[in-house]
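Subject: Structure handover

Hello,

Here is the structure I promised to pass on. Please open it alongside this email.

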Amino acid sequence: MPSSAPLAADTSFSPAADAPSGAGVRRRAFLSGTAVAGGALALTAAGLGPAAAAGADRGTASSAPVTVLPQDRRYADLRRGTNQRWVGSPERVVLATSTDDVVRAVQEAVDSGRRLAVRSGGHCYEDFTTSREVEVVLDLSRMDDISYDERRRAFSVQPGAALGRVYDRLYKGWGVYLPAGNCPTVAAGGHIPGGGYGSMSRRDGLAVDHLYGIEIVVVQADGTARAVTATREPDDPHRELWWAHTGGGGGSFGVVTRYWLRSPGATGSDPAEQLPTPPREVWLSEVAWPWEELTEARFTRLMWNHGDWHARNSAPDSPYTALFSQLKPFHKSAGAVVLDSLVDAGAPGAERLLRDYISEVGAGVGVRPQVRQYRRVPWLHATQWPGFTGPDPTVRFKGKSVYARRNYTDAHIAAAYRHLTRDDFHNPGALLMIASYGGAVNRVAPDDTAVPQRDSVLKYQVVSLWNDAADDEANVAWVRECYRDMFAATGGVPVPDEDTDGCFVNYADVDLGDPRWNSSGVPWHELYYKNGYRRLQKVKAAWDPTDFFRHAQSVRPL
């Protein structure tokens, strides 16, 4: 229990009684947990350009690659990704449309001695594709085909395919899906090799748990670029290269030009049997506790309830694997702590599970949560729900990640409260974004994939999103200081111990290698990969012996 529990009150969740109506519904829907953050996490309600386009079958419109130089009007867009903090100055951006294009572009960079970086969706947290050293950006966004490979009995997904497009094509074409991320504009290219998790991972595992194979362009010791295939088949001589892409992160070994997806144990030749089937419908809920009613004791109780619930309900056989949520304690300038939740409507007692969950999180807090949304929708529509989707591509952001094995400690909660209620910092886009984890994810052994964190129950970020470059220093400092203070007892980072289990490689954070922010003595690569790092280094030595593919946190050569 928290050290100072507040007085209890009747805070049980009753959507019929608590839900607003009329104009109140419209206003509160607009002021949702995502939109309230000054637009920082909101996606346009009228239909995202990228997400809407993800549903269309564009195929490969042209067989010819395109090279964009600085004088080209497209250069301003193509020199950057989603995080507007980072703007590159490459000599050229090459937009490939085929594996052969990739081989040629890599070979030209090798032969000319130019530094190359690879980008698929452009959602990198750090400057890995925009640093000053990068001279050529190889953009894979036009390689977005999704099809079924009958010979391999697996779905073929190219790296430029945005997740919204992946969900749309797999579901409409074959009635299946991949349990991947919640942001529809994130592309498969970077998402999958980092592990890939989302709202159905508690039910069906990580994206990499369904990765059958890859096609990848590598550079040999003699400087020759070539494409190779690696699968999870036990007798595949390239199996370790496949393994490295089940959580080893992108940009270390080569350029993945195709992913093949098939669930372990899938049999037969029917495409509809090769990947999981998503829910037909889901219940969506958003509730909020106003900051004006949250004392430190009440906030402590809310956080403790949330962590304790996940510690008790995240086993692989729990009925609550059907439920996923994000708790978002925003900075007090945003006005509320928000809980967005989803549950598979086909699970036994689904609506009761959802109501009980929300009631347990709010139990004893002394504040009845405001019901902002409560509705049942088809699954495919829910993949575009802004309650879970990612950042507006016009903002700047900084994030730092945590795997949690059990409930937050009192010290974690106290430090979070202190920074979320600071009066010397005002940004409604600063928050902790805490996602449900565990369930089927924890059914896989730590060394079966390159994701070693297989007994965590929560996965979260300390993150801030903002608009103006003038606010960079204040926001980066807030994220760093909040994170450092939350984990002050372990050197400013969530080291692998009984409470926490390191960091998520897809939420790249170069501070983990900076002794000013990591005084734990645990190196950045151990926070990401734990004991698997040396195995990744062996793959690196075998497949990228010249260290051609590298960035600030790429796997280092042996």
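This is a predicted model: local features need pLDDT of at least 70, side-chain atom pairs count only at pLDDT 80 or more; totals for chains, interfaces and linings use all residues.

**Helix α10 and its partners**

Start with α10, residues 296-312. Two packed helices are described by the angle between their axes and the distance between the axes. Both values are given here for each pair.

The crossing of α10 past α13 is right-handed. On the α10 side, the contact uses Glu296, Phe299, Thr300, Met303 and Trp304. On the α13 side, look for Ile413, Ala414, Tyr417 and Leu420. Seven of the residues in this α10–α13 contact are nonpolar, one is polar and one is charged.

The other partner is α11, residues 350-362. Here α10 packs at about 135 degrees, with the axes 7 Å apart. This pair, α10 and α11, is therefore oblique too. From α10 come Leu302, Asn305, His306, Trp309, His310 and Arg312. They meet Tyr357, Glu360, Val361 and Gly362 of α11. This contact of α10 with α11 has four nonpolar, four polar and two charged residues.

**Helix α5**

Next, α5, residues 99-112. It has 14 residues and spans 20 Å from first C-alpha to last, close to the 20 Å expected. Which residues of α5 are buried? They are Thr99, Asp101, Val102, Val103, Ala105, Val106, Gln107 and Ala109. What do the buried residues of α5 pack against? The list is β2, β3, β4, β7, β8 and β9. After α5 comes Gly113, with a positive phi near 70 degrees.

**Pro452**

Last, a loop residue. Pro452 sits between β15 (430-436) and β16 (458-466). Is Pro452 buried or exposed? Its relative accessible area is 12%. Buried means under 20%, so Pro452 is buried. Leaving aside neighbours within four places in sequence, Pro452 contacts Pro446, Tyr528, Tyr529 and Lys530. Asp501 is 49 residues from Pro452 in sequence. In space, the two are 9.1 Å apart, C-alpha to C-alpha.

Best wishes

Conventions: Residues are numbered from 1 along each chain as its sequence is written. Side-chain values use heavy atoms; hydrogens and water are left out. Axes are lines fitted to C-alpha atoms, for helices over the stretch in contact, and angles run from 0 to 180 degrees between N-to-C directions. Helices (H or I, at least four residues) and strands (E, at least two) are DSSP runs, numbered from the N terminus. A crossing is left-handed if the near helix is turned anticlockwise from the far one by less than a right angle, and right-handed if clockwise. Contact means heavy atoms within 4.5 Å. Ala, Val, Leu, Ile, Met, Phe, Trp, Tyr, Cys and Pro count as nonpolar, Asp, Glu, Lys and Arg as charged, and the others, Gly among them, as polar. Buried means under 20% relative accessible area, exposed over 50%, partly exposed in between (1.4 Å probe, protein chains only). The expected span of a helix is 1.5 Å times one less than its number of residues. Angles under 35 degrees count as roughly parallel, over 145 as roughly antiparallel, 65 to 115 as roughly perpendicular and the rest as oblique.
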